[in-house]
Amino acid sequence: MSNYGQPRIVVIGGGTGLPVLLRGLKQYPVDITAIVTVADDGGSSGRLREDLHIPPPGDIRNVLASLSDVEPLVEEMFQHRFKTSNELSGHSLGNLILAAMTSITGNFVHAIQEMSKILNVHGKVLPAANQSVVLHAEMEDGTTVSGESKIPYSGKRIKKVFMTPENIRPLPETLQAIRQADLIIIGPGSLYTSILPNLLVPKIGDELCQSQAKKVYICNLMTQAGETHGFSASDHVKALYDHMSCAFINTILVNNEEIPQDIQLRYNEELADPVVYDLPQLFELGLEVVHADIAYQENGALRHDPKKVAKILYNLLLDETKKRYET
């Protein structure tokens, strides 16, 4: 429990799934810490990372926006992406502000802390590491592909992912947040390029293994071409375990509703299919399986419903804290 008596939730991830989840969770009386990947090397983030030698700000920016409590116009401005024909083209204003703040404070973590105050952020946002990291994938044919943005487009099956440099250091605050958590949520997000880059930061995986908190994995709704093509729910879990020194997940949350045919057809064009939740294999892994109708459509895309998912997670948290007080 935090100083304010609020239960502590740590959410680990990146990409588009994490902000959606956080928008739902911030409506509850919980103390949130979001641990966000810094392996991104594409788009605006990649350009700023290369030009200014700072960790990529994009995933952090989206998480700050999702946890912020400001006028909608201010959030819209922070998320605004320039569509010009010059050097500004493709950059989002929030990325540029985080880059400027890093330059002013001399430290990416300090920049995030200052932006959190400005945006009146609910909770704490921490990068998985205070430096840029490079994600590499060893493919099943023995070749290696380097760069988070290139891995899904290699046309090969991933065997495992790893990061350089070797001396990546986690933030002490990150390790402390995991240590003090009542509930730890992993995902949703791209398995190899959004979730695993956090768990591969030295010591973060160890802390997860040692943590007494309930650990929930939110399984993706659809498979992802170049990452998880043909993966069932248990395949996702096994891939996480293959990169860790322990079987660390207690509960998996899966979607149990049929995905509309028109949406499936649209995703088929991207070589993506609904993730099948294979109950016997999940039970074999010793997991508690929570299945519910947790998907909704937004602009033709399938997303986790932030309200439904947050409610399920909050109820899991209440059950967990109740159990602790009873023992």
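Predicted model: local features only at pLDDT ≥ 70, side-chain atom pairs only at ≥ 80, totals over all residues.
The crossing in which α2 passes α5 is right-handed. On the α2 side, the contact is made by Ser 44, Ser 45, Leu 48 and Leu 52, which meet Asn 95, Leu 96 and Ala 99 of α5. Sorted by class, the residues in the contact of α2 with α5 comprise four nonpolar and three polar residues, with no charged residues.

Aromatic contacts were examined next. A pair of aromatic rings is described by the distance of the centres together with the angle of the planes. With ring centres required to lie within 6.5 Å, the count comes to three aromatic pairs. One of the aromatic pairs is formed by Tyr 192 and Phe 231, whose rings are 6.5 Å apart centre to centre, with 75° between the planes; since planes over 60 degrees apart count as edge-to-face, the pair is assigned to that class. Tyr 192 belongs to helix α8 (residues 191-199), whereas Phe 231 lies in the loop between β8 (214-218) and α10 (233-242), so the pair ties together parts that are 39 residues apart in sequence. Both residues fall below the cut-off for burial, which is set at under 20% relative accessible area: Tyr 192 counts as buried at 3% relative accessibility, and Phe 231 is likewise buried, with a relative accessible area of 11%.

Terms used
Residues numbered from 1 in each chain as written. Heavy atoms only, no water. Left-handed = near helix turned anticlockwise from the far one by under 90°. Helix = DSSP H or I, 4+ residues; strand = E, 2+ residues; numbered from the N terminus. Contact = heavy atoms within 4.5 Å. Nonpolar A, V, L, I, M, F, W, Y, C, P; charged D, E, K, R; others polar. Phe/Tyr/Trp six-rings, centres within 6.5 Å; stacked < 30°, edge-to-face > 60°. Buried < 20%, exposed > 50% of the residue type's maximum accessible area, 1.4 Å probe, protein only.
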